[in-house]
Amino acid sequence: MKTSDRPLDRTPEDVPLHQRLGVEFQRRIDSGEWPEGRPVPSESQLCAEFGTSRGPVRQALALLRSEGSLVGGRGKPPVARRATPSQPFATFLSFTQWARGIGREPGQTTIEVARRRASPDSAARLGLAEGAPVVELVRLRLLDGVPAMLERSTFVHEVGRALFDFDPDTGSIYEELLRREVDLHHARHTIDAVAASPEDAEHLDIGIGDPLLRVRRLTTSSLGVPLEDADDRYLPAMATFTIENTVEGRTTIGRYRTEED
């Protein structure tokens, strides 16, 4: 690679050198040029390659350690690790918004949009009479073209019928529903681990029984009326989950007893 071809040399010169080095090192980890689980080049090798002293190189490596892209230290050579993107609760309603927020390209393939009669479970969670009309959606969600999550949502009919006038392959359903002034106000999330079903395995290209992170979501209006019952199943390598607390309010995690317990 010619020196002028390196992304480092296309970064604005007013950015500190250690930050420019950090961007280049992160690119090499993300692209696999520095394979995950393998030691990265030594400080002396990097100094020679980039024609700099050890100070900026050490700062750049320290930055990547703090972000979780490098592990090791205290006499051991640093090892590359692809950081798993974390999804704050603030963006749970929109996979598209989250993906763009972490610099990834969101995508989706719609498997099904159908009007059905509510199953006993969905009817109970949505506060509907058993057999009431609902709209069910199944989509495969992608990050940079790679399968990340299988999304299943059941909407009350008054909300879900809007999906028949919208192409779910074009982007965020929640952005579309909010544009239509649907009162999506509150969501409760329950996170657990499940084994991949045959349908999960087929669409996510994994083995039946492989572990998945499941996020069950009940979305309600500002009056507390249930609008959506959802079951999202993530590949564990593609996402983790965080909780953010502020002085204005408190977010808590509850572990609830289920009928299977």
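Glu181 is exposed in this predicted model, because its relative accessible area of 71% is over the 50% cut-off for that class. The residue sits in the loop that runs between helix 7 (173-179) and strand 7 (186-195).

- Asp144 is not a glycine either, and it has a positive phi of about 55°.
- The loop that holds Asp144 lies between strand 5 (133-143) and strand 6 (146-156).
- With a relative accessible area of 43%, Asp144 is partly exposed.
- Strand 5 and strand 6 form a hairpin with two residues between the strands, and the positive phi of Asp144, near 55°, occurs in this hairpin.

- Six strands make up an open sheet in the order 4-5-6-9-8-7, and their pairing is antiparallel.
- Strand 4 (106-117) and strand 7 are the edge strands, each of which pairs on one side only.
- On average, neighbouring strands of this sheet are turned by 15° against each other, direction ignored.

**Strand 6 and its pairing with strand 5**

- Strand 6 is largely enclosed by the rest of the structure, because nine of its eleven residues are buried.
- Strand 5 and strand 6 run antiparallel and are joined by ten bridges.
- Within this pairing, Leu142 stands opposite Pro147 of strand 6.

**Strand 9 and its two partners**

- Strand 9 (residues 226-234) is mostly covered, with nine of its nine residues buried.
- On one side, strand 9 is joined to strand 6 by seven bridges, and the two strands run antiparallel.
- Thr154 has Asp229 of strand 9 as its bridge partner, and Ser153 stands opposite Ala230 of strand 9.
- Strand 9 also pairs with strand 8 (residues 211-220) in the antiparallel sense, over eight bridges.
- The bridge partner of Thr220 in strand 9 is Pro226.
- The hairpin of strand 8 and strand 9 has five residues between the strands, and there Gly224 takes a positive phi near 85°.

- When residues up to four places away in sequence are not counted, His186 touches Leu218, Thr219 and Thr220.
- Thr220 also takes part in the pairing described above, with Pro226 as its bridge partner in strand 9.
- Leu93 is 93 residues away from His186 in sequence, while the C-alpha atoms of the two residues are 9.5 Å apart in space.

**The packing of helix 1 and helix 2**

- The axes of helix 1 (residues 17-31) and helix 2 (residues 43-50) come within 13 Å and cross at roughly 110°.
- An angle from 65 to 115 degrees counts as roughly perpendicular, and helix 1 and helix 2 are therefore roughly perpendicular to each other.
- The crossing of these two helices is right-handed.
- Helix 1 contributes Leu21, Glu24, Phe25 and Arg28 to the contact, and helix 2 contributes Leu46, Glu49 and Phe50.
- Four of the contact residues are nonpolar and three are charged, with no polar residue among them.

- Thr52 is found in the loop between helix 2 and helix 3 (54-66).
- Thr52 is buried, because its relative accessible area of 18% falls under the 20% cut-off.
- Leaving aside neighbours within four places in sequence, Thr52 is in contact with Leu17, Leu21, Cys47 and Val57.
- One of these partners, Leu21, is also among the residues by which helix 1 contacts helix 2.

Conventions
Residues are numbered from 1 along each chain as its sequence is written. This is a predicted model: local features need pLDDT of at least 70, side-chain atom pairs count only at pLDDT 80 or more; totals for chains, interfaces and linings use all residues. Side-chain values use heavy atoms; hydrogens and water are left out. Axes are lines fitted to C-alpha atoms, for helices over the stretch in contact, and angles run from 0 to 180 degrees between N-to-C directions. Helices (H or I, at least four residues) and strands (E, at least two) are DSSP runs, numbered from the N terminus. Angles under 35 degrees count as roughly parallel, over 145 as roughly antiparallel, 65 to 115 as roughly perpendicular and the rest as oblique. A crossing is left-handed if the near helix is turned anticlockwise from the far one by less than a right angle, and right-handed if clockwise. Contact means heavy atoms within 4.5 Å. Ala, Val, Leu, Ile, Met, Phe, Trp, Tyr, Cys and Pro count as nonpolar, Asp, Glu, Lys and Arg as charged, and the others, Gly among them, as polar. Buried means under 20% relative accessible area, exposed over 50%, partly exposed in between (1.4 Å probe, protein chains only). Two strands pair if DSSP finds at least two bridges between them.
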